[in-house]
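Below are some notes for a colleague who has not looked at this structure before. Please read them with the structure open.

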Amino acid sequence: MSSLSPAESTATSVPNAHVLRERFRLPAEFASAPTTIEPGTQPPQGFFTLQSGHIAFGSTTSDTSAVAQHAPSVLPRTIDEPLTYDPDEVVRLLREESYIDNELPDRNGHDAQALVRRAYYFVRPLLSTKVRRIAQRRALAGWRDIAHPMWPVDTTVEAVHREALAASMAAAGVNKAPIVWYWPDGYHGAISMTHDVEEAAGLAFCPEMARLDESFGFKSSFQVVPESRYDIDALVLDEIRSHGCEISLHGLSHDGNLFSSYEEFTKRLPKIQEYARRFGAVGFRSPVMYRNPEWIAELGLSYDMSMPNVGHLDPQHGGCCTVFPYFLGDVVELPTTCTQDYTLFNILNRFDLELWNEQLDIIAAENGLANFIIHPDYVLDGDGLNAYKSLLAELDQRASQNNLWKAPPKELAEWWNLRSNLELKSAGPGTGDWTIVGPGAERASVAWAVLDGDSITIEAPER
Ligand SMILES: [Zn+2]
């Protein structure tokens, strides 16, 4: 055990302001948490357990062997003790999936993810749906034993943010700190509906789907494939837009090779950007969610949605472990936080809302973003279409009951950019009053982080 008690601690206050300022817009005087990591040193990286029980990854002075053995003996770290890691580093490594080459063995000691990867890499349209399903189910056997990221939604980044916030407030000697609330207009969370258009039949169904979304109050995005798959009729795009929906891009040709090498990626990028201009698109999702977070930062578009929260059932594993937007370079990443329709219908073989509801509950508890992919091609009729209609009704109800923002992806990205420039200003020492300043501040709300003993609560604003 390498935990240090406060007395023998060599804690230094590194300016880990970035992560706290980015997520909470916390005033600088509160945004520095003590850590056992000395400046200029880098302890070995590994998986370790947070106080909340979440499994995190990064350089740490914690015991990492306990996690590898699946004996996450949670070290009794109290608020007054320094963090055993640098939250800036840990959040970055999780969101950029840099833990991926250090996968944990599954609960039976197998490298479950390698098993899945071996069997599963193929371009889907080459096989009939039935053959595909059988191959995928066989390849995915054992996925439930994968310990990290956490199924069905991983919120480790949120746990790191809370732990760092609590530690920094304790260090500053305050039990109440102001933050800029996450969402505009006092909303308590966000829901985004997005559609990847796979084949000509799906494209033909898009206007009908846009009408359906509109009837439930959603302005969704339709990601189209510019080359190879189908002819894109400008009139169809206009019809989609006439329902308030937006057009985004779904790769270039959907051959699965966009991220196969950096050379290939940079060769295709100018074409992607040219199609974006032509279609008035500012957003992107990579086909099959093949991705490389470093290169996504070079997209030159407003937002991307190629990062899953937890990718156990996707061809490319991993996951960004957060239910909030974040930046990859200048690109706002809107992580896909709910299970895809294809996965639910064809791999889990279900058409009910149970899994989606479970995910919505976890995301709502964090006040995060529920971001869905529904493919027009898979909900043309029958069970698929019924499931989709039930989902829209459920989301509509949750949005009004729980005060959630039905957020068009483009507006989400605009808000996240705007919020990243807002600042909290004190009305004067000792007054306890704070206001938000900066362009767009009129849509933002002050909220409060409250430290009570060893637990921290982030109180949503009243509306
Ligand atoms: Zn696709």
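1. The model is predicted. A place to begin is strand β4, residues 55-59, which is mostly covered: 4 of its 5 residues are buried.

2. The partner of β4 is strand β3, residues 45-49, and the two run antiparallel, joined by 5 bridges. Together β3 and β4 form a hairpin, with 5 residues between the strands. The turn includes glycine 53, which has a positive phi of about 95°.

3. Elsewhere, 3 strands make up an open sheet with antiparallel pairing, in the order β5-β17-β18. Its edge strands are β5 (176-180) and β18 (455-459), each of which pairs on one side only. On average, and with direction ignored, neighbouring strands of this sheet are turned by 25° against each other.

4. Within that sheet, strand β17 (residues 446-452) runs antiparallel to β18, and 5 bridges join the two. Tryptophan 448 is opposite glutamate 459 of β18. Which strands does helix α6 touch? Helix α6, residues 156-172, packs on the sheet and touches β5, β17 and β18. The direction of α6 makes about 75° with that of β17.

5. The next point concerns a pair of helices. Helix α7 covers residues 200-215 and helix α8 covers residues 234-241; their axes come within 8 Å and cross at roughly 20°. Angles under 35 degrees count as roughly parallel, so α7 is roughly parallel to α8. The crossing of these two helices, α7 and α8, is left-handed.

6. Which residues of α7 meet α8? On the α7 side they are Leu203, Cys206, Pro207 and Ala210, and on the α8 side they meet Val236, Glu239 and Ile240. Sorted by class, the contact of α7 with α8 has 6 nonpolar residues, 1 charged residue and no polar ones.

7. Is leucine 395 buried or exposed? A residue counts as buried if 20 or more other C-beta atoms lie within 10 Å of its own; leucine 395 has 22, so leucine 395 is buried. Phenylalanine 218 is 177 residues apart from leucine 395 along the chain, and the C-alpha atoms of the two are separated by 9.5 Å.

Definitions and conventions: Residues numbered from 1 in each chain as written. Predicted model: local features only at pLDDT ≥ 70, side-chain atom pairs only at ≥ 80, totals over all residues. Buried ≥ 20, exposed ≤ 12 C-beta atoms within 10 Å, placed from the backbone. Pairing = 2+ DSSP bridges. Axes fitted to C-alpha atoms, helices over the stretch in contact; angles between N-to-C directions. Contact = placed C-beta atoms within 7 Å. Parallel < 35°, antiparallel > 145°, perpendicular 65-115°, else oblique. Left-handed = near helix turned anticlockwise from the far one by under 90°. Nonpolar A, V, L, I, M, F, W, Y, C, P; charged D, E, K, R; others polar.
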